[in-house]
2 protein chains.
Amino acid sequence: MSDRPHPDLAGLGLADVMRGFADPSRLHMVRTMATLGECECSRVYADLGLSKSNASHHFRVLRESGIVRRTQRGNQQYVALRREELAERFPGLLDAIVANADA
Amino acid sequence: MSDRPHPDLAGLGLADVMRGFADPSRLHMVRTMATLGECECSRVYADLGLSKSNASHHFRVLRESGIVRRTQRGNQQYVALRREELAERFPGLLDAIVANADA
DNA sequence: CCTATGGTTCAATGACGATTGAACCTGTCG
DNA sequence: CGACAGGTTCAATCGTCATTGAACCATAGG
């Protein structure tokens with residue numbers, strides 16, 4: 001997997017993306033992001049009891065799996081699902097996961 | 001994760017199932033099973049170059065993740081996706097994955 | 001009985017991942 | 001300047017996983 005900040009989804013296989021989803025904490029984060037839309041990182045893991053470094057690790061996995069995009073505005077980091085890009089590369093996948101993310 | 005032969009899907013979270021899908025070999029196997037329906041195990045990994053023990057390992061992961069069901073008829077082992085059960089527990093998930101399993 | 005065939009199990013190995021705590025970095029506010 | 005808030009990075013630990021090869025087990029066919 002590339003360590004570029006935001007990999008091109010064309011270069012990722014389904015298994016790479018699935019690995020990003022294969023963790024309870026990250027699924028919870030995905031669900032939160034699906035609800036909130038783009039938001040500050042801290043809001044995404046606020047109710048998960050993750051340490052900062054652990055949350056940072058999970059954000060990196062999500063980013064390297066092509067699932068989220070991070071942007072810096074002012075001094076805040078924002079994070080958002082790459083909804084459209086994922087829908088184009090893997091149609092229906094994100095929706096199905098988000099719909100079941102509470103299971 | 002339970003080590004029972006075929007876990008009840010109600011007892012599995014989405015992350016557990018996702019881990020079953022988070023491997024290229026297993027995704028390939030899932031795709032093959034989606035195409036063939038119930039069939040002999042060997043047909044599922046024939047074109048993957050997996051050793052027998054490695055294939056057996058992947059079948060076990062798929063089984064413990066609730067993705068496949070194995071049955072013995074005669075002296076042959078058969079394997080099939082648990083389509084209906086998965087569709088009931090995680091609506092739309094398997095279809096979305098199978099549709100993208102070649103990516 | 002002998003021998004495939006088709007799978008499982010076991011032990012070992014190497015790689016990867018989740019988690020933690022400490023150090024660090026950077027922009028903001030006082 | 002000093003302190004702080006929000007994140008990142010690093011090293012270390014521990015567990016899990018993929019892969020291999022060898023041993024094993026059951027069944028069908030000669």
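Modeller: Two strands pair if DSSP finds at least two bridges between them. The model discussed here is predicted.

Biologist: Which residue of E3(B) is the bridge partner of Cys39(B)?
Modeller: E1(B) and strand E3 (residues 76–81) of chain B run antiparallel and are joined by two bridges. Within E3(B), Cys39(B) has as its bridge partner Val79(B).

Biologist: What is the order of the strands in the open sheet of chain B?
Modeller: The sheet has three strands with antiparallel pairing. Strand E1 (39–40) and strand E2 (68–73) of chain B each pair on one side only, which puts them at the edges. The order is E1-E3-E2.

Biologist: About what angle does the direction of H2(B) make with that of E3(B)?
Modeller: H2(B) packs on the sheet and touches E1, E2 and E3 of chain B. Its direction and that of E3(B) make an angle of about 95 degrees.

Biologist: Which residue in the turn between E2(B) and E3(B) has a positive phi?
Modeller: E2(B) and E3(B) pair in the antiparallel sense, over six bridges. Arg73(B) stands opposite Gln76(B) in E3(B). The two strands form a hairpin with two residues between them. In that turn, a positive phi of about 65 degrees belongs to Gly74(B).

Biologist: What radius of gyration does chain A have?
Modeller: The C-alpha atoms of chain A fill a box of roughly 30 × 30 × 20 Å along the principal axes. A compact globule of 103 residues would have a radius of gyration near 13 Å. Chain A agrees with this, at 13 Å.

Biologist: Which helix supplies the largest share of the side of chain B that touches chain A?
Modeller: The contact involves 21 residues of chain B and 19 residues of chain A. On the chain B side, helix H1 (14–21), helix H2 (24–36) and helix H6 (93–99) each supply at least two residues. That side divides into 15 nonpolar, three polar and three charged residues. The largest share, five residues, comes from H1(B).

Biologist: What relation do chain B and chain A have?
Modeller: A rotation of 180 degrees, with 0.0 Å of shift along its axis, superposes chain B on chain A with an RMSD of 0.0 Å. The relation is therefore that of a two-fold axis.

Biologist: Why do the copies meet through the same surface?
Modeller: The reasoning compares the interface residues of chain B with those of chain A. The copies meet through the same surface because the share of interface residues of chain B that are also interface residues in chain A is 90%.

Biologist: How many residues of the surface near DNA strand D are charged?
Modeller: DNA strand D is surrounded by 19 residues, the closest being Ser42(A), Ser53(A), Ser56(A), Ser53(B) and Asn75(B). Helix H3 (41–45), helix H4 (52–64) and strand E3 (76–81) of chain A, with helix H4 (52–64) of chain B, each supply at least two residues of this surface. Three of the residues are nonpolar and 12 are polar. The number of charged residues is four.

Conventions
Residues are numbered from 1 along each chain as its sequence is written. Chains are lettered from A and ligands numbered from 1 in the order in which they are written. This is a predicted model: local features need pLDDT of at least 70, side-chain atom pairs count only at pLDDT 80 or more; totals for chains, interfaces and linings use all residues. A residue is near a molecule or strand if its C-beta atom, placed from the backbone, lies within 6 Å of it. Helices (H or I, at least four residues) and strands (E, at least two) are DSSP runs, numbered from the N terminus. Ala, Val, Leu, Ile, Met, Phe, Trp, Tyr, Cys and Pro count as nonpolar, Asp, Glu, Lys and Arg as charged, and the others, Gly among them, as polar. Two residues are in contact if their C-beta atoms, placed from the backbone, lie within 7 Å. Axes are lines fitted to C-alpha atoms, for helices over the stretch in contact, and angles run from 0 to 180 degrees between N-to-C directions. Copies are superposed by least squares on the C-alpha atoms of residues with pLDDT of at least 70 in both. The radius of gyration is taken over C-alpha atoms; the globule rule is 2.2 Å times the number of residues to the power 0.38.
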